[in-house]
Structure formats: structure tokens, C-alpha cells
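Colleague: I am new to this model and would like a close look at a single part of it. Please walk me through its aromatic rings.

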Amino acid sequence: MGSVAEFVDLRREVERLRAENARLARLLELRGQDTTAAPEQLSAPVEPPGLVTMASPAQDKLTLFADRFRARADVYAVRWDNARTGAAGWMPAVAGGWRKGMDWRGATYLPCTTEVVAAHLVGDVFMGLYPLMPGNTCHFVVADFDGPTAMLDALAYVKAARASAVPAA
């Protein structure tokens, strides 16, 4: 059983966290509004196969990934790193790989297949997507928040998405 000192420490921590939550709510201009967590994550509607969990079959997980991250199917990106210069980036995956002096116009671009995505999800392939579709449309946006205000920035981003009725996770 815990001691009285442990209880006092836990109570102090709860009060500190409540004060921090109040401060964050003020920063997000949510004062007066309900700031309790939603009972479930706002997301896109669940289509068949339904809710996907860790216990779901691999095919259901691939179907979910393909739905949430719809992108060009005719090409995908692979990461490159130059150990000599420290430079890194992304390039389209091509048959046989890129070679110095290779003409990009003659390259055979590799399609983004279920097999490539499956290899990526288990860590065998480091791939990227080209999300811009024909007609300049896109089905998803990914944002990266860093630094000391990362959580505030992410919360403001979700707030803006919800205000526009755009699913955000």
C-alpha cells in the first residue's frame, strides 16, 4: 500500500496537470467550450472491413492503409542517402535502381503495389507516396510538429480541421 507521502505527491501531480490543462485550453482559445476528449478519434468513416485492430488480418490492415493513404498507384518513392555528403532525399522507384548519368525519360517507374506497401509496413522497404492525384486533388495531408510548442500546434491544427469538418487524426 502507498504511504501518505506518496498520496500527497500524487495529489500535487494531479493539481499540476489540471493547471497545465487549463493553461493549454486558454492558449487554444477554447475557454468556455467543452475541452474534454472526444469519446473516439475523429476520422474518416469506417468502411468494410470495419474496425481494424492489431489482431485484424494483414489484408484488412492493407485495405485500411490503402484507403487512408490514397496516392498515385503508378509510382512510389524510395529514400536515398549519401554517406559522403550527409545529403538525403526521395526519388521515384525505378526498375534496376537509379545509376549515375541515367536518363529519367527512359526510366521504367515501379508501381505502388500491395506487395510494396506490405513490405513497407513490416519494415522491409522504406517507401514514400506521391499524394498529388490527377486534377491536383489529394486525399490526405500529413503534418509534422516539432519543438516546444508542438502539442499546441497539433491541437490548433486538429481544431481547424474539425471546424472545417475535415477528418483529422
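Modeller: Let's start with Y157, which counts as partly exposed at 38% relative accessibility; buried means under 20% relative accessible area, exposed over 50%, and partly exposed in between, using a 1.4 Å probe and protein chains only. This is a predicted model, in which local features need pLDDT of at least 70 and side-chain atom pairs count only at pLDDT 80 or more, while totals for chains, interfaces and linings use all residues. Residues are numbered from 1 along each chain as its sequence is written, and side-chain values use heavy atoms, leaving out hydrogens and water.

Across the whole structure, a search finds 5 aromatic pairs. Rings of Phe, Tyr and Trp (its six-membered ring) pair if their centres lie within 6.5 Å; planes under 30 degrees apart are stacked, over 60 edge-to-face, and the rest tilted. One of these pairs is F65 with F69: the ring centres are 4.9 Å apart and the planes meet at 35°, so the pair is tilted. F65 is buried, at 17% relative accessible area, whereas F69 is partly exposed at 34%.

Y157 has F145 as a partner, in an edge-to-face pair with 5.3 Å between centres and 70° between planes. F145 sits in the loop between β3 and α4 (150-163) and Y157 in helix α4, so the pair ties together parts 12 residues apart in sequence. Helices (H or I, at least four residues) and strands (E, at least two) are DSSP runs, numbered from the N terminus. F145 is partly exposed too, at 28%.

Back at F65, this ring forms one aromatic cluster with F69 and F140.
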